[in-house]
Amino acid sequence: MPFLLTQGDITKRRVDAIVNAANRELLQGGGVCNSIFTAAGAVALQEACNRLSPVATGDVAITPGFSLPAKFVIHAVGPVWQGGGQGEDDLLYSCYAKALHLAQEKGLASIAFPLISSGICGYPKQRAYAIAIKAILEFLKHHELTVYLVLFHESFVRDREGQDPKLETYLAEQQPIASDSLDPFGGEVLYCCKVAPSKHLEEVIQNAQESFSRKLFHLIEEKKLDEVEVYKGANIDRKHFSKIRSDDSYQPKKKTVLAFAISLHLNRGETKDLLERAGFSLSQSYVFDIIIDYYITNKRYDIHEINQVLFSYNQPLLGS
């Protein structure tokens with residue numbers, strides 16, 4: 001963990017491995033494949049590939065990254081789209097699953113995928129995206145790995161057609177005060193301690209004495225939850241979670257607090273309390289906060305669904 005959507009040039013990713021959308025002969029091709037060969041050093045990478053080819057559709061092979069920031073390139077041979085009746089979905093799923101398991105076997109900590117087969121292979125982008133998400137999330141249920149899905153053309157994810165109409169309505173109602181841009185603190189609204197008339201100062205001070213870290217682990221204990229499930233449900237990696245556990249004065253980012261609120265299935269009041277312990281609050285002035293508020297209020301706690309919506313609005317993602 002975690003799993004993160006991002007956009008840009010996969011050849012610039014500083015990860016242990018990037019995945020190449022390869023052809024069976026592992027020859028330098030077009031699109032992402034061409035970019036990877038060019039950035040790695042085409043001659044050196046082609047020589048390494050020649051020793052491994054051919055590779056069956058749905059299978060993978062690994063080479064050094066040569067001049068890339070990534071240590072390795074995992075070459076995944078995706079299917080050509082033929083209408084969906086030739087087992088393309090299973091073959092595409094296999095590309096992701098085998099690449100992930102290979103990375104695990106090699107002891108790698110991070111991997112970045114393009115949207116395999118969605119370019120010159122003609123795979124419908126939404127369908128290719130759905131298969132990628134399914135394969136990655138099923139793998140992460142049982143393994144520790146940081147996974148990026150790097151979208152070169154992300155417009156299909158940004159397309160909000162078909163998105164929850166109630167969320168659209170909720171956001172529209174907030175438009176007079178909501179801002180599409182992040183606030184000066186990078187989307188993390190610092191909490192200003194304003195004592196409500198019904199809340200005594202002593203109560204506020206007493207409430208602040210329990211740190212975010214202590215409160216988090218008290219909640220996990222109270223709800224009788226498994227810690228691994230909690231940090232995976234928050235899209236947090238094990239190292240990050242261990243740091244929170246070992247440091248009582250740990251100061252989280254706002255998106256980290258909210259990730260745990262989602263994983264713990266906290267209601268709005270519980271979320272507000274956890275945020276306050278880290279010095280934050282939910283604001284109705286920012287799209288990020290409004291989206292989170294909507295999902296918590298409606299008790300919808302799928303962090304990857306939420307992150308996809310946040311991504312579509314160009315907002316920070318929850319988790320590490």
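In which sense do strands β2 and β4 pair, and over how many bridges? Strand β2 (residues 17–22) pairs with β4 in the parallel sense, over 6 bridges. Two strands count as paired if DSSP finds at least two bridges between them.

The model shown in these views is predicted: local features need pLDDT of at least 70, side-chain atom pairs count only at pLDDT 80 or more, and totals for chains, interfaces and linings use all residues. Residues are numbered from 1 along each chain as its sequence is written, and side-chain values use heavy atoms, with hydrogens and water left out.

**View 1. The whole chain.**
The chain has 14 helices and 6 strands. Helices (H or I, at least four residues) and strands (E, at least two) are DSSP runs, numbered from the N terminus. Of the 320 residues, 49% count as buried. Buried means under 20% relative accessible area, exposed means over 50%, and partly exposed lies in between, with a 1.4 Å probe and protein chains only. Among contacts in the chain with a separation of 6 or more, 70% come from residues 24 or more positions apart. A contact means heavy atoms within 4.5 Å.

**View 2. The open sheet.**
The 6 strands of an open sheet follow the order β1-β6-β5-β2-β4-β3, with mixed pairing. β1 and β3 (60–64) stand at the edges with a single partner strand each, so one side of each has no neighbour in the sheet. From one strand to the next, the twist averages 25 degrees. Axes are lines fitted to C-alpha atoms, for helices over the stretch in contact, and angles run from 0 to 180 degrees between N-to-C directions.

**View 3. Strand β6 and its two partners.**
In strand β6 (residues 146–151), 6 of the 6 residues are buried, so the strand is largely enclosed by the rest of the structure. Thr 146, Tyr 148 and Val 150 point one way from β6, while Val 147, Leu 149 and Leu 151 point the other way. Strand β1 (residues 3–7) pairs with β6 in the parallel sense over 5 bridges, and Thr 6 has Val 150 of β6 as its bridge partner. Strand β5 (residues 110–113) is also parallel to β6, over 4 bridges. Here Ser 110 has Thr 146 as its bridge partner, and Ala 112 stands opposite Tyr 148. From β5 the chain crosses through helix α4 (residues 125–140) to β6, and this β-α-β crossover is right-handed. Right-handed means that, with the strands pointing away from the viewer, the path from the first strand over the helix to the second runs clockwise.

**View 4. Strand β4 and helix α2.**
Strand β4 (72–77) is mostly covered, with 5 of its 6 residues buried. Val 19 stands opposite Ile 74 in β4. β3 and β4 pair in the antiparallel sense over 5 bridges, and Val 60 has Ala 76 of β4 as its bridge partner. In helix α2, the residues Leu 45, Gln 46, Ala 48 and Cys 49 are buried. Seen down the axis of α2, these buried residues fall within an arc of 160 degrees, so they line one face of the helix. The arc is that of the directions from the helix axis to the C-beta atoms. The buried residues of α2 pack against α1 (31–40), β3 and β4.

**View 5. Helix α10.**
His 240, Phe 241 and Ile 244 are buried in helix α10 (residues 238–246). They cover an arc of only 100 degrees around the axis, which puts them on the same side of α10. The buried residues of α10 pack against α8 (212–222), α9 (227–233) and α11 (254–263). On the face turned away from this buried side are the exposed residues Lys 239 and Ser 246. At the N-terminal end, Asp 237 caps α10, with a side-chain oxygen 3.2 Å from the backbone nitrogen of Lys 239. A polar contact is a pair of N or O atoms within 3.5 Å; within protein, one must be able to donate a hydrogen and the other to accept it, and residues adjacent in sequence count only if both atoms are side-chain atoms.

**View 6. Lys 215.**
Lys 215 is found in helix α8, and its relative accessibility of 16% makes it count as buried. Not counting residues up to four places away in sequence, Lys 215 touches Glu 210, Asp 273, Leu 274 and Arg 277. The C-alpha atoms of Lys 215 and Leu 274 are separated by 7.3 Å, with the two residues 59 apart along the chain.
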